[in-house]
Amino acid sequence: MRVLMVALISLILASCGNKSADTDTDIKPDTQKTYSWKLVTTWPKNYPGLGSAPENFAKKIAAMSGGRIKIKVFGAGQLVPAFEVFDAVSQGTAQVGHGAAYYWTGKAKAAGFFTSVPFGLNAQEMNGWLHYGGGLELWRELYSPFNLIPFAGGSTGVQMAGWFNREINSMEDIKGLKMRIPGLGGDVITRAGGVSVTMPGGELYTSMQTGVIDATEWVGPYNDLAFGFHQVAKYYYYPGWHEPGPILEFIVNKEAYASLPSDLQAIVESAARAVNQDMLDEYTARNNSALVELVETHGVDVRKLPDDVLTELRRLSAEVLDELGQDSEISGRIAQSVMEFKKQAMEYHAISEEAYYKVR
Ligand code: CA
C-alpha cells in the first residue's frame, strides 16, 4: 500500500513538473520588452531628502532591471500639481506617484493612518507594523478601489513640531493659530481651536513670510534647513507629537503593475523597500549636523512645547482617533490594528529602546 502511495505521489509530482515545463514560455519573462513609466511627486523636483526618494527609486529600478523599466520623474507641477498625484496615478496618467497618504484623506478618510498617527508609532515601529504587523495589507485594501497599490516610500524618523511665529506657552496660544499641518495632526490642531491648513511644501516659505500662516510643520532639521524656514520663522518647536514616525508612499497604478512580468514586479517592490530604509538612514545621519548649523550659524531659537500642552494635545488626539475609528468599517479595523501594535511595542520598547536611551 505504502509503495503504491509513494508511486502515486511521484507520478503526481512528475506530472506537475511536466506541466510547469510545458508552460515555461508563459512564465519566462520577455527580457526584450521595456516599460517607460512616468513618476509624479508632491515634492519640488530634486528637493533634498523627500525629493531624492523618487529619484533613487528610478535609478535603482533602472539598474536592477538592466534598463527594462525606465522611470522619468516629474516634480510637483511639472506634469500635474502636487495634490493631483493620487488621481493621476489612479487614472493611469502616470504609473507611479510619490507623496504621503495623509494628503488623500479627502479621497479615503482612513488614509491618515498610513502616514502618521499623533502620539503613535515611531519610525522603527511603523516599519514593523506595515511589513510584519498587517499594516500594509490594510493599506492595500484601502487603496484598492482607487486602482492603486501602495508601498512604504521613505521614513523621516520623528519630526519637529514645527516653525512658529507665535510663542506657545499654553493651549490659549493655539487658539486661532493658522498652521500648515496636514492629516490627523491637523485635525487635532483644529480641535484645539487652531486653523489647520494643508498646502504643498513648495508654498510654505512664502506663506510664512507673508503671514498667510503663523506656523508650519515640515520635517526636521535637514529638510527644514534646505527650505530656509529659519529665515521666516522665530521659533523652532519640538517634539513632533503629530508625526513621530511618518512614512511616505509610492503608489503604483494597478494595471501598470499587473502588466509587469514577475521579476520586474519583484524589482519594483525591492526598490521601494530599499528607498524606504535609505531615507531613514540619510535623515539619521544628516539631521544632527543640520541642527548644529541651524543653532550655531543661524541662531535658531529651539524650544520644547510645554508639558501641559503636550498632555492636552495627546488627549485631543485620542478623541480624533476614536472618532476616525468609528468612521467606517475599515477605519475601525485599521485603528484597532495600529493601536494594538502600539500597545505591545510600548511595553517592549520600555525595556529596550527607551531604557537604553536613558542609560547611554
Ligand atoms: Ca511633516
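This is a predicted model: local features need pLDDT of at least 70, side-chain atom pairs count only at pLDDT 80 or more; totals for chains, interfaces and linings use all residues.
## Confidence in the model

The mean pLDDT of the protein is 92, and 92% of the residues reach 70 or more. One stretch to treat with care is residues 11-23, where pLDDT stays under 50. For that stretch the model has zero contacts beyond four places in sequence.

Helix 13 covers residues 329-350, 22 residues in total. From its first C-alpha to its last it reaches 32 Å, close to the 32 Å expected at 1.5 Å a residue.

If you colour this helix by burial, you will find I330, S331, I334, A335, S337, V338, K342, A345 and H349 among the buried positions. Looking down the axis of helix 13, these buried residues fall within an arc of 165 degrees, so they line one face of the helix. What do they pack against? Their partners are helix 5 (123-132), helix 6 (135-143), helix 12 (307-325) and helix 14 (353-359). On the other side of helix 13, you will see E329, K343, Q344 and Y348 exposed.

## Helix 7 and the glycine after it

Helix 7 spans residues 183-191, and its buried residues are G183, L184, G185, G186, V188 and I189. These buried residues pack against strand 7 (195-197) and helix 12. Helix 12 is also a packing partner for the buried residues of helix 13.

Do take a look at the backbone just after helix 7: G193 there has a positive phi of about 100 degrees.

## Aromatic rings

Now for the rings. A pair of aromatic rings is described by the distance of the centres and the angle of the planes. With centres within 6.5 Å as the cut-off for a pair, the model has 24 aromatic pairs. One of them joins Y222 and Y283, with 5.6 Å centre to centre and 80 degrees between the planes. Pairs with planes over 60 degrees apart count as edge-to-face, and the Y222 and Y283 pair is therefore edge-to-face.

Where do the two tyrosines sit? Y222 belongs to helix 9 (residues 221-227) and Y283 to helix 11 (residues 262-297), so their pairing ties together parts that are 61 residues apart in sequence.

Terms used:
Residues are numbered from 1 along each chain as its sequence is written. Side-chain values use heavy atoms; hydrogens and water are left out. Rings of Phe, Tyr and Trp (its six-membered ring) pair if their centres lie within 6.5 Å; planes under 30 degrees apart count as stacked, over 60 as edge-to-face and the rest as tilted. Helices (H or I, at least four residues) and strands (E, at least two) are DSSP runs, numbered from the N terminus. The expected span of a helix is 1.5 Å times one less than its number of residues. Buried means under 20% relative accessible area, exposed over 50%, partly exposed in between (1.4 Å probe, protein chains only). The arc is that of the directions from the helix axis to the C-beta atoms. Contact means heavy atoms within 4.5 Å. pLDDT is the predictor's confidence in each residue, from 0 to 100.
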